[in-house]
Amino acid sequence: MYDFDIERPSRIADAVKLMSDSTDAQPLGGGQTLIPTLKQRLASPERLVSMAGIDEMVGICKDDAGRLCIGGATTHAAVAADGSYPGLSGLAARIGDPAVRNRGTIGGSLANNDPAACYPAAALGSGATIVTNKREIAADDYFRGMFDTALEEGEIITEVKFPIPEVSHYAKFVQPASRFALVGVFVAKFADGVRVAVTGASESGVHRWSAAEEALSRSFSAGSIGSLEAPSADGLITDLHGTGAYRAHLVKVMTGRAVAAAS
Amino acid sequence: MTKVTMTVNGKTVSKEVEGRTLLSAMLREQLNLTGTHIGCDTSQCGACVVHVNGEAVKSCTMFAAEADGAEVKTIEGMANADGSLSTIQAAFQEHHGLQCGFCTPGMVMSAAALLKDNPKPSEAEVREYLEGNLCRCTGYHNIVKAIMAASGQDVPAVAAE
């Protein structure tokens, strides 16, 4: 690792100032992706601004609209233990391993937007709102592609607001070595329709599967998926773990499993 | 350089560290607590697991500066006050839960974190919890046995795979 300064502010305003004071600062969430990246010298910021000491960014509560509001520096372990949105807690409980979940944060995961990460599927599948120090961004406008988001330079995810669906589930087909999602599908049934978000499969990152959403909005059953064609393999990832066609098939299978298990 | 102060195995320590100094490096190189092992250095293997404020973390994937003010516990802090092996350590010895021993510090720290939250885990829960701790010798079976025994459960009931 190249060396850098590390700052540990206790307020969001101080973190924003520390970010803007430097020409090359980067926010540090739990570091479970960023630290390995720094070790490989794939990044060399001059300053890291740690979010871990900002109390106003840690914790889980419900707002007046009934949404689950999760501070950007809240760990996966805390979300897994919460349980008031079972589909989301179930997803958080299967990210990485226990020690990783004790450090990794929801804000860090969403800011990184790894194409095989779990949280982007939950945020997009729930129609969540990403709250930053500057603005609120709808999940539909937030994810821009692999490792790309609507975040601007120095912008920090302070909170994520999740509408809680009637039923939901995240079905994850793990790549056996990394335990990342080879394909993961988050299904959420709301009173006004169903959302289906797919991670791990596409070269453009997390995305919605609209044909499945329409079918499930008409009839919420695994059978509705069984009679659909698998999505097109165009633009899906082909690598040594599987072809695009294999991933397309998995999208359909995992969507069916998510619907069958939704509670 | 930044000055960090933390409690390690009950003792207050202060050290000057660089921003990039990992907690694992500080423990091993500045405090000479070499029981915390570096296996993969990529947060896969879990040999470096320690407790920070009571929670299991991979010390190779946390900066020392982030542990400022924290309570840290390493394998050196696991024995009983009289120096005898703790229940978990004794169970690893009794059930041959180690061969080369490289992964053992991380295994013991993860096991302690598991049993703190879940004192009577099922065999499946033990195996699931150890997802981030790799052992290349034992095939895990005797590690699982040791943790089941340390939790006061019947070891012969653990099925062989």
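Visitor: Which share of the contacts in chain A between residues at least 6 apart in sequence joins residues at least 24 apart?
Guide: The share is 60%, where two residues are in contact if their C-beta atoms, placed from the backbone, lie within 7 Å. This is a predicted model, in which local features need pLDDT of at least 70 and side-chain atom pairs count only at pLDDT 80 or more, while totals for chains, interfaces and linings use all residues. Residues are numbered from 1 along each chain as its sequence is written, and chains are lettered from A and ligands numbered from 1 in the order in which they are written.

Visitor: How do you know whether the radius of gyration of chain A agrees with that of a compact globule?
Guide: The radius is taken over C-alpha atoms, and the globule rule is 2.2 Å times the number of residues to the power 0.38. For 263 residues the rule gives a value near 18 Å, and chain A has 18 Å, so the two agree. Along the principal axes, the C-alpha atoms of chain A fill a box of roughly 55 × 45 × 30 Å.

Visitor: What makes a residue buried, and what percentage of chain A is buried?
Guide: A residue is buried if 20 or more other C-beta atoms lie within 10 Å of its own, exposed if 12 or fewer, and partly exposed in between, with C-beta atoms placed from the backbone. Buried residues make up 53% of the 263 residues in chain A. In helix α11 of chain A, the buried residues include L250(A), V251(A) and M254(A), and their cover includes strands β11, β12 and β13 and helices α9 and α10 of chain A.

Visitor: How do you know whether the span of α11(A) agrees with its number of residues?
Guide: Helices (H or I, at least four residues) and strands (E, at least two) are DSSP runs, numbered from the N terminus, and the expected span is 1.5 Å times one less than the number of residues. The 18 residues of α11(A), 244-261, should therefore span 26 Å, and the end C-alpha atoms are 25 Å apart, which agrees.

Visitor: What makes up the side of chain B that touches chain A?
Guide: In all, 22 residues of chain B are in contact with 21 residues of chain A. The largest share of that side of chain B, four residues, comes from strand β4(B), residues 55-58. That side divides into eight nonpolar, seven polar and seven charged residues, where Ala, Val, Leu, Ile, Met, Phe, Trp, Tyr, Cys and Pro count as nonpolar, Asp, Glu, Lys and Arg as charged, and the others, Gly among them, as polar.
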